[in-house]
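Biologist: I would like to learn how to read a model like this one. Where do we begin?

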Amino acid sequence: MVRYVYAFTEGSRDMADLLGGKGANLAEMTRLGLPVPPGFTVTTEACRTFLTTGGEPAGLAREISDHLTVLERAAGRRLGQPDDPLLLSVRSGARFSMPGMMETILDIGLNDDSVLGLAKSSGSERFAWDSYRRLLQMFGSTVMGVDSALFENAMARLKEDCGAVDDLGLDAADLAGLVETYKELIRQETGESFPQSPARQLQRAVLAVFQSWNVERARLYRRREHIPDGLGTAVNVQTMVFGNLGPDSGSGVAFTRDPATGRAGVYGDYLANAQGEDVVAGIRNTMPLEELGRLNPEAFSRLCGHMATLEAHYRDLCDIEFTVERGRLWMLQTRVGKRTAEAAFTIAAELTDEGLITADEGLVRVSGDELARLTFPRFDTSTIGDPLAHGIPASPGAAVGAAVFDSAEAVRRAAAGEKVVLVREETTPDDLPGMVAAQAVLTSRGGKTSHAAVVARGMGKVCVCGAEKIGVDPQGRRFTVGDITVEEGTVLSVDGSEGAVYPGAAPLVDSAVMRYFETGERSDGLVDAVARAMQHADGVRRLGVRANADTPEDAARARRFGAEGIGLCRTEHMFLGDRRRLVEAMILARTDTERERALDALLPLQRQDFTGILEAMDGLPVTIRLLDPPLHEFLPDRTELAVRLAAAEAHGSPPSEHDAELLDAVNRMHEENPMLGLRGVRLGLVAPGLVAMQVRAIAEATVERRRAGGDPRAEIMVPLIDTVEELRLVRQEVEQVLADVSEESGVSVVCPVGTMIELPRAALTAGRIAEEAQFFSFGTNDLTQTTWGFSRDDVEAAFFSAYLDKGIFKVSPFETIDRDGVGRLMEIAVAEGRAARPGLKTGVCGEHGGDPESVHFFHAAGLDYVSCSPFRVPVARLEAGRAAL
Ligand code: PEP
Ligand code: MG
């Protein structure tokens, strides 16, 4: 027989799936002996049954009535008893908190008789009538479907008639009149009367809370927060206690430590003579919690005692809602509280010190995302003033710039050296150039998966989206917030971590956590907490962490950040700038001699690059990838060149021989789909001398570093392999050059030769490839591109926001590894590669290497290391530690 109702005395916090978060914690507090107003919880299972069958679950009414009887006996009064009524609250409470999304009905049990009893027992007629009209309003709108605005209008009319400025200006008689008006309203709107039977009120209220699971705002909230639709909500039925019975009553919220900084000490707000709803709604100014100590020292000291009990029991920061009814303290809710990134690290360290949690648990309670948030510069909040508007914190960091209202203006001003903030209602792919040019993006519409948010995050650009209070007028080149107008050119400060926009240029402060990673300086408690988490993570992680770096400066920084080598040195970046001319010469060469001359000119430059990097990473592995992108990327743009030539011709001047040759080469090498064209290993196999030049530069740099007393550890990596044959041919050439340089120099140069696995075919034939490859490095950017068939350069801006909105995936597969598809290919490749070559070293060097969630997968897949941008190295270290626990 299924059971649908549990008394608070029967449940526990382990039963959150069945009792919802609130119900489970109410039960837990009851078990701990804390003063919780008695009550019971109707399970999420009852809700699920109701939602699927559309009817009240069989036996539910009986169970509720039985539990009510127990409650009534203990209280010594009945629900709605005419002379001294027991009143109940009926509240939703799902497994995952959905604040304010579902319904609550208070004061169940009041009717035309019991309102008089409540007036007598409470000693306040006004209070009794006010409670009754609140019930009619909540029940009328939530349960009976009357538009709540009609109640509000009636209230407003009454206040006008009485000349009252606010609710407190209405006396008992006014409110009794309002009760009649409300009852009539309900009759008119629904054709039925407000149910006078308390039991009927309770039954209908419970079903209405079930139904509120599916209201539009709750559905939207779940989609945004990735909460499954099938969970349903529990319903908590609890004895009412009143914080609005006079000055010796009140309600408040409290935290067992400061949720902003994590520092120890009670923290919260209290509102005398008010109900909990009034505190949350912020209709009157609250006072700091300590004030309660002055008003009611006994209740305050009890509260502090209960908070200590809860924190010790939950072994974490708890937040609490409480009510004082005529001097007596009641605990209404608790849960493990939300906190800022700063508080997360501080609390983890302090609870570990206090012996409440282990260092392992402390590490699990912080995250790479939180760490990343702490490394951005922030606005100095002590001088910043009030924000102009709030929106969704879509891409973190802080930026200052002049407001501009279209992409072209952003590009124009940025080109002139001005810093700008692009303000749009929402962005489209057409806004891309403006987004690139801007310091930050601000939109008035759209959520975390809007185009602006997705693209800005991809670019690491500060973004606040969905700032609904701002009205953007692109034609007028201005936006308004209330009665403030912000014209184009006005300087704004955008805080993408907090989702706030401030007027003017707010002062920026560097992150002390970033300074710690740069210098090792532990300047304050937070930095110390971060340092300890990092140390612990390094102690427990199995996964190595390397960096993607291609300059000595980046390599040195990565090393300071804790990188254990370079997992990807992209050599193409060394072919840009002034050297483009030499690459051009190599491509245009008509004879072997011309080509050799160009390569000879590149050789010392490449050698110098590698020497610097090997020096910065002395003693650690440096994986150098042979040239990857299509060669025409080093030539001028085809259209630009054609236009230049046409213009010259129009002016009567013949095209220069060089330009004509260039155009010829550009045309010859043009590819419709270069990402799938002549690049990677294919280039090495058809462009004579290129591989040999690069390998010689690596080998000679190794010799140079060795002679200087260093310990260079270059590894040579071949990109975009499809088949083992490609690797075999390139490897032969590589080994030959290494042997040549060893012989010429008298220094034996041995470099492991491995390959990237970044095409599905390579992953599927990894066993064969491992015969030739001494290591694998997964290029998850290209592997994602080719597995999904998504152009990595286009799709995120083109249609990912639509895909995310439709729920086709929850996060871009270019950001977090797609375990089912790309991940599966990786697992196959690791297993088959290691079967063919036991102990084969495997790593990841795509963007996913620095993504927290992906790091956990790479750990589970048994890879040896991840490689990511230097700034993500600390995040990867932390997450690799967490993954190992
Ligand atoms: C990759 O494809 O994942 C990779 C690291 O190479 P690139 O991003 O340079 O193509
Ligand atoms: Mg690649």
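Modeller: With helix length. Helices (H or I, at least four residues) and strands (E, at least two) are DSSP runs, numbered from the N terminus. This is a predicted model: local features need pLDDT of at least 70, side-chain atom pairs count only at pLDDT 80 or more, and totals for chains, interfaces and linings use all residues. Residues are numbered from 1 along each chain as its sequence is written, while chains are lettered from A and ligands numbered from 1 in the order in which they are written.

Biologist: Which residues of H20 are buried?

Modeller: First the cut-offs. A residue is buried if 20 or more other C-beta atoms lie within 10 Å of its own, exposed if 12 or fewer, and partly exposed in between; C-beta atoms are placed from the backbone. An α-helix has 3.6 residues a turn, so residues three or four places apart point the same way. In H20 the buried residues are Leu 526, Val 527, Ala 529, Val 530, Ala 533, Met 534, His 536 and Ala 537.

Biologist: Against which helices do the buried residues of H20 pack?

Modeller: Contact means C-beta atoms, placed from the backbone, within 7 Å. The partners are H13 (341-353), H14 (359-364), H15 (368-374), H19 (512-519) and H35 (873-883).

Biologist: How do I read the chain overall?

Modeller: Start with the counts. The chain has 35 helices and 31 strands. Of its 885 residues, 50% are buried. Its C-alpha atoms fill a box of roughly 110 × 65 × 55 Å along the principal axes. Among contacts with a separation of 6 or more, 67% join residues 24 or more positions apart.

Biologist: How far apart are the centres of domain 1 and domain 5?

Modeller: Domain bounds come from an automatic or database domain assignment. Domain 1 is 46-53 + 67-239, and domain 5 is 631-670. Their centres, over C-alpha atoms, are separated by 77 Å.

Biologist: Which residues are around ligand 1?

Modeller: A residue is near a molecule if its C-beta atom, placed from the backbone, lies within 6 Å of it. The shell is Leu 568, Arg 570, Asp 628, Glu 758, Gly 779, Thr 780, Asn 781, Asp 782, Cys 845 and Gly 846. The largest share, three residues, comes from H31.

Biologist: What does phi tell me?

Modeller: Most residues other than glycine have a negative phi, and most peptide bonds are trans. Here Arg 326 has a positive phi of about 45°. Arg 326 sits in the loop between strand S9 (318-325) and strand S10 (328-336). Arg 477 also has a positive phi, near 50°.

Biologist: Is Arg 326 buried or partly exposed, and why?

Modeller: Arg 326 is partly exposed, because 14 other C-beta atoms lie within 10 Å. Arg 477 is partly exposed too, with 17.

Biologist: And Gly 466: buried or exposed?

Modeller: Gly 466 is buried, because 20 other C-beta atoms lie within 10 Å. Gly 466 lies in the loop between strand S17 (462-465) and strand S18 (470-473). Beyond its neighbours within four places in sequence, its contacts include Gly 391, Ile 392 and Thr 443.

Note on methods
Two residues are in contact if their C-beta atoms, placed from the backbone, lie within 7 Å.
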